Amino acid sequence: MSKSSGMSNSELPRFLIGSEVGESRKLDNRDMRNISGPYGEEEEEEDEDQSERQIVVGICSMMKKSTSKPMTEILERLCKFEYITVVIFPEEVILGEPVEKWPLCDCLISFHSKGFPLDKAMSYAKLRNPLLINDLNMQYFIQDRREVYRILKEEGIDLPRYAVLNRDPDRPEECNLVESEDHVEVNGEVFHKPFVEKPVSAEDHNVYIYYPTSAGGGSQRLFRKIGSRSSVYSPESTVRKTGSYIYEEFMPTDGTDVKVYTVGPDYAHAEARKSPALDGKVERDSEGKEIRYPVMLTAMEKLVARKVCLAFKQTVCGFDLLRANGHSFVCDVNGFSFVKNSMKYYDDCAKVLGNMVMRELAPQFHIPWSIPMEAEDIPIVPTTSGTMMELRCVIAVIRHGDRTPKQKMKMEVRNALFFELFEKYGGYKSGKLKLKKPKQLQEVLDIARQLLAELVLHNDCEIEEKKSKLEQLKTVLEMESSLNDNQYGHFSGINRKVQLTYLPNGQPKASSEEEDTLKEGPSLLLVLKWGGELTPAGRVQAEELGRAFRCMYPGGQGDYAGFPGCGLLRLHSTYRHDLKIYASDEGRVQMTAAAFAKGLLALEGELTPILVQMVKSANMNGLLDSDSDSLTDCQQRVKARLHEIMQKSKDFNDDDYSKLAPTGSPSLVNSMGIIINPVRTCDQVHTLIKSLTQQICRRLEDPKSADLQLYHSESLELMLQRWSKLERDFRMKNGRYDISKIPDIYDCVKYDTQHNSSLALEDTLELFHLSKALADIIIPQEYGITKAEKLDIASAYCLPLVKKIQLDLQRTHEDEAVNKLHPLWFRYSRGVMSPGRHVRTRLYFTSESHVHSLLNIFRYGGLLNEQKDEQWKQAMDYLSAVTELNYMTQIVIMLYEDNNKDPSSEERFHVELHFSPGVKGCKDEENAPLGFGFRPASSENHEKQTNPGSLEDLSQDEPDRAVLTEPINIQKKSPLVRNRKGGSMEALSESNPSSRGLAYRIFPSSSRQSPEIKPSGLELLSMPAVKRFSVSYARHPTNGFEGYSLVPSIYPLETLHNSLSLKQVDEFLTALCKNGSETQFKRLKTLSAMFESHSQPSIDVDSLETPVTTPVQSQPTAQSLWYTGGPPSTSSGPLSPSVADPSSNFAFSSE
């Protein structure tokens, strides 16, 4: 122990604070002896000699660290302890002087950073033997990620599965790397993409994340923050070939990282920040500081913080936590690091460090000292008042966005090469095989090329595949794709797939595409599907809808750091938002989900990293996928009946109306009125398609059109192929029409009317009008003609989804897995809105079949009686008038809790059902049916008062009304007054007498935005409040694809019902599931168990955590903190230490 008592007080610089390079200032007695507040003694020490003796705390680090704002803030507070003096070692002394000439100290805070001579600091510690706040030798280990992981593993701390690749010539057994397209094998350990590649040196921040080809491939390259970037996306998919690395499993964290900062084993402060891997854009506030959010650690995470602090012998220590799949994993230990910009942390850190130093050293210097008593933190308990209701759950089922036309080609194949491929990938197990991976598609392409080459060499060879079909197969697999800027040659498996089905006796019957002559023996039905990828317009639609969705959440109308909808953003980053996004395995659906997440959470950059981290593939057990080739018996009968009715070459009569539209739906009746005679209308459609193909042919012959590029990089040749195939397939060889092609015809003409209108092809609008009328009958009626059929088919499609929705609603009111923020953050986190809220959000992105089926279940399943419930009758009338469930159709269920009602009361939980038919059609805006607005006033509330739990109530940018034991100055912001920053919004909540209810419009109601409005931002213009919000037409840049294109607006959400009870909905869903077949029910149980494992365990934090006391040492201790201290604790938390018995111990509050 150093004996520094010989030095007079005047010779010791109490606290040197670097101002500019080469300058410092000495704090005067006012700085040093400010003993008001909790840091000083309440009684003056009478013995002057004893009071003269100071405990000197030395700060030995590089000047940039010693004089940083966090260090300065903490040291200023530390100096308020009466007996503590702080000395900052000058950088020139550290670098240029021998350790014998370094200042003396009793306690040393020293830590490594770039350029710091750690070996000299260790020599100084050996020479002077001060109390070490952070062990110096362990700082060598922290610089090597291999050692960090070894120590974490030895301590039993969870970390991602990893393997070390040492490129060391002396240790060749540790350098075995085998790289494949979608995985690497490191020393025998296989890591499938996505995986993480980290340099072994902790000083090297160039961490790469590699993505699978199914998500677009490439890698995200992380680096030390430069300006507003912390990572960048790269198309490079191969791992680095020089240097040593740690390879580890990628942990899906929903896009947020947790940074934990310990101050001793019994205190941990945690903050969340946006993961740098997500889009590489650093979120900054109006002052340019990175935005971070306070987080409450679970009991297990606090135990991990304690273990990390003790294992690495670093009192002040930062480390990174990944929360994934209900567990927490440590992925990095940074050593000495402070929280930035948190007054709360500065208070706590100085207090804990000062108490620690005094506890260890005061007895040796005979300084009379005990931890002072301080008032308990004032309890602030958020409560709801009046009719306010708390949003607890949002469930949305959403159709994918605008896509290119889907195309399909079927052929029966008998060549041995196809059977070998079928066997190779296990097709005989189920009789079906789906090939999507690049390697698999390459094998199909190789077979097609080989067979075509044999046809050229041997015209009489026994190749049974039709040449034209093989050529089409080859052409499609060789085509270019603009998705993610990849080429089809690179086989981005997200775009195309080949399905093979085993036919033991060959094709049962001929179709328009197969041979007329049947052959004996087994064959394979090859179905090639391509197209159907999300367009740039689809991405914009999804992203803008994601932005609009924010406004349904508490505080959703506010503006935080230039982001509208801050209520949701704060909820998400503080883990009070339990968000999961599911998508079927179709590329367009997954990309829609990623684009929606990008808008919802204000992300930037490429969709691939967002897709990998935020979107869960839900293709298990038919949750969101369906095998369209495996139709139920009921659906086959329905299609046969539709085919029969639509083949009549006569006008529709009353009998036809009753057969085709037994529900009397106005949209069906209107379409039948337009068609009149189905065969004659089909003749007209076929003639118009022929006219269209002829026009395209003439354009192709015109030299001026040679290099004409259509929307989304399509060429005139490809457009011609598209329409020529429809012309051939629609009219079969027997002269009858294949009505199953009507949806495809409508699909194509809708696409060209919207995206390729610049071609000015004649008669496209007439073709659009007629094909839409036909499609408005065929598409909805394929899901059942009578109510019973609709329910039967709907159950077959989406019973697993219905059960999952029921589980989501049931779990919400009992789930406490996500810790709520402590009320103390009212004071320390400016701008945190509604701090007590915890919202569960489940988003399901799927295709048209699931949306039709789910809506049919709500319409025809018996949820409510139309005769007895006026609101439901109006909702059913509205749905009957909707002609099409277009792209971005939404079915939204919102669950509210009224905390004023008895927990066992049926009125405690309140369910609302909302719906939007998605994107507005090209020509139907003026004829569109109107609902009754989003969250209209209930029928009992004729005075147009604010409805309980309405959007307006939840948008108030102020803390919940609270019961206060003492007055606290909380600044309440007005919800209506906002600075007009770029991208900000104003919430207009004045009531409009002309509207049925109150809501917000996110975009101006004009058909297009004016040029001066930033197209990708959200602006709410000063206008009277209107009853809905919608995403409007906007001219937008499409990320470098095609320049500009019109993006149709999305119909606003319309409330179908806003006064359902949770019990009512639960009983309805239970009855539906019971009516399902036994097979489906078994599948359902498997699904339930599977999703049970996805959710986090319910933790009662208050019952697990208890205040832990640590006795003050009365005997002199060794000069290290690592062999003393109290019993193991799980109670560290972001609160100040408080004292139960001032004479004997202190405790950390754990509430």
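Biologist: What share of the contacts with a separation of 6 or more comes from residues 24 or more positions apart?
Modeller: Those residues account for 73% of such contacts in the chain, where contact means heavy atoms within 4.5 Å. Keep in mind that this is a predicted model: local features need pLDDT of at least 70, side-chain atom pairs count only at pLDDT 80 or more, and totals for chains, interfaces and linings use all residues. Residues are numbered from 1 along each chain as its sequence is written, and side-chain values use heavy atoms, with hydrogens and water left out.

Biologist: Got it. How many helices and strands does the chain have?
Modeller: There are 33 helices and 40 strands. They are DSSP runs numbered from the N terminus, helices being H or I with at least four residues and strands E with at least two.

Biologist: And what percentage of the residues is buried?
Modeller: Of the 1151 residues in the chain, 59% are buried. Buried means under 20% relative accessible area, exposed is over 50%, and partly exposed is in between, using a 1.4 Å probe and protein chains only.

Biologist: Let's look at strand 33. How many of its residues are buried?
Modeller: 8 of the 8 residues in strand 33 (909-916) are buried, so the strand is largely enclosed by the rest of the structure. Both faces are covered, with F909, V911, L913 and F915 on one side and H910, E912, H914 and S916 on the other.

Biologist: Which way does strand 33 run against strand 32?
Modeller: Antiparallel, with 8 bridges joining strand 32 (890-897) to strand 33. Two strands pair if DSSP finds at least two bridges between them. Strand 33 is also joined to strand 37 (1054-1061) by 5 bridges, again antiparallel. F915 is a handy landmark: it is the bridge partner of I891, and the bridge partner of F915 in strand 37 is E1054.

Biologist: Switching topic: what is the strand order in the open sheet of 4 strands?
Modeller: The order is 4-3-5-6, with parallel pairing. Strand 4 (84-88) and strand 6 (131-132) stand at the edges with a single partner strand each, so one side of each has no neighbour in the sheet. Strand 6 pairs with strand 5 (107-110) over 2 bridges, and C107 stands opposite L131.

Biologist: Now R240. Is R240 buried or exposed?
Modeller: R240 counts as buried because its relative accessible area is 16%. It sits in the loop between strand 14 (229-234) and strand 15 (245-249). A polar atom of the R240 side chain lies 2.9 Å from the backbone oxygen of N206.

Biologist: What else does R240 touch?
Modeller: Beyond its neighbours within four places in sequence, its contacts include R167, E197, V207 and Y247.

Biologist: Where is V207 found?
Modeller: V207 is in the loop between strand 11 (195-199) and strand 12 (208-210). V207 is buried too, at 11% relative accessibility. V207 and A277 are 70 residues apart in sequence, yet 9.4 Å apart in space, C-alpha to C-alpha.

Biologist: Last one: which helix gives the most to the lining of the largest cavity?
Modeller: Helix 28 (848-860), with 6 residues. A cavity here is a set of points on a 1 Å grid over the protein atoms alone where a 1.4 Å probe fits but cannot get out, and lining residues have an atom within 4 Å of a point. The lining has 23 residues, with P780, H852, R859, V882 and T883 nearest the centre.

Note on methods:
Polar contact = N/O pair within 3.5 Å; in protein donor to acceptor, adjacent residues only side chain to side chain. 1 Å grid on protein atoms, 1.4 Å probe; cavity = no way out; pocket = protein on both sides within 12 Å on 5 of 7 lines; lining within 4 Å.
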